Amino acid sequence: MNRNIYANLNPEDRGKVIGLYNAGHTRTKIAQIIGCNRNTVSLWIRKYEERGMKSLKDHRKNNHRRRFPQPIRIKGDSPLPFELLIGVKMKQKTDLTVKDAVEKEFRLQFEQDLDQLRKRAKEQIRKVQDENRKTYNLRRRKPAKYRINDLVAIKRVQVGPGKKLCAKYLVPYKVVRVKSNNYDIEREMPGEGPKKTSSCAEYIKPWSSML
């Protein structure tokens with residue numbers, strides 16, 4: 001054991017010294033076994049003979065572990081050294097956690113507000129559409145019903161240069177087929193417009209109304 005021969009013994013080694021001494025070992029032998037100076041062994045044997053086992057206890061006032069200097073804690077609102085050197089406060093882990101929580105809450109609140117805005121906008125659009133539909137339906141007339149071989153006039157849908165003053169309807173046409181919403185018609189007499197076409201009832205007028 002590489003022990004300093006002048007080092008003081010701890011209570012455990014002191015007990016070993018007394019145990020070896022009572023077992024009949026010499027002071028020199030005990031010093032070799034413990035790894036200390038012979039005078040140290042003699043010192044603790046003498047104390048044991050004078051005061052007994054109580055003398056083996058350590059009665060030093062400073063018998064405690066070495067204390068390391070504690071860091072200086074700044075109390076109050078005094079700036080930390082980092083803030084004095086850099087000019088900004090040091091970010092802590094707790095600050096980042098709070099920041100993430102605040103951002104998450106902000107995003108959640110933003111999404112909820114956005115959903116509410118979309119719902120209100122959708123409801124407003126639906127109301128406007130309903131009002132427009134009611135207003136339009138008040139002025140709308142039901143289309144007339146036509147049968148095969150009825151003579152009709154069809155509305156001109158092709159516009160271009162020089163056709164501004166032309167008639168709005170092309171006549172005469174004859175209904176050759178009736179569909180659910182449309183009519184197949186053919187031109188009855190030579191004139192302007194396609195020979196065969198298909199048109200809905202809204203773009204057709206009776207031929208008699210054009211006379």
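An open sheet of five strands runs in the order S4-S3-S2-S1-S5, with antiparallel pairing. Strands here are DSSP runs of E of at least two residues, helices are runs of H or I of at least four residues, and both are numbered from the N terminus. Two strands pair if DSSP finds at least two bridges between them. S4 and strand S5 (204-206) stand at the edges. Each has a single partner strand, so one side of each is left without a neighbour in the sheet. The twist averages 45° from one strand to the next. Axes for such angles are lines fitted to C-alpha atoms, for helices over the stretch in contact, and angles run from 0 to 180 degrees between N-to-C directions.

The model is predicted: local features need pLDDT of at least 70, side-chain atom pairs count only at pLDDT 80 or more, and totals for chains, interfaces and linings use all residues. Residues are numbered from 1 along each chain as its sequence is written, and side-chain values use heavy atoms, with hydrogens and water left out.

Within the sheet, S2 and S3 pair in the antiparallel sense over five bridges. Lys-174 stands opposite Glu-186 in S3. Ser-199 is found in strand S4. Ser-199 is buried, with a relative accessible area of 11%. Buried means under 20% relative accessible area, exposed means over 50%, and partly exposed lies in between (1.4 Å probe, protein chains only). Leaving aside residues up to four places away in sequence, Ser-199 touches Asn-182, Tyr-183 and Ile-204. Contact here means heavy atoms within 4.5 Å.

The structure holds seven salt bridges. A salt bridge is a side-chain nitrogen of Lys or Arg within 4 Å of a carboxyl oxygen of Asp or Glu. One of them joins Glu-192 and Arg-156, with the closest N and O atoms 2.7 Å apart. Glu-192 lies in the loop between strand S3 (182-187) and strand S4 (196-200). Arg-156 lies in the loop between strand S1 (151-155) and strand S2 (169-178). The pair therefore ties together parts that are 36 residues apart in sequence. Arg-156 is buried at 14% relative accessible area, whereas Glu-192 is partly exposed at 42%.

Glu-123 is partly exposed, with a relative accessible area of 35%. Arg-126 is also partly exposed, at 40%. The side chain of Arg-126 meets that of Asp-130 in a salt bridge too (3.1 Å, N to O). Asp-130 and Arg-126 both lie in H5, four residues apart, about one turn of the helix. Asp-130 has a relative accessible area of 26% and is partly exposed. Glu-123, Arg-126, Asp-130 and Arg-133 are linked in a network of salt bridges.

An unreviewed UniProt entry places the feature "coiled-coil region" at residues 107-138. UniProt positions follow the numbering used here, feature names are shortened, and annotations may be inferred rather than shown by experiment. Over residues 107-138 the chain is 100% helix and 0% strand. The end C-alpha atoms of this stretch are 47 Å apart.
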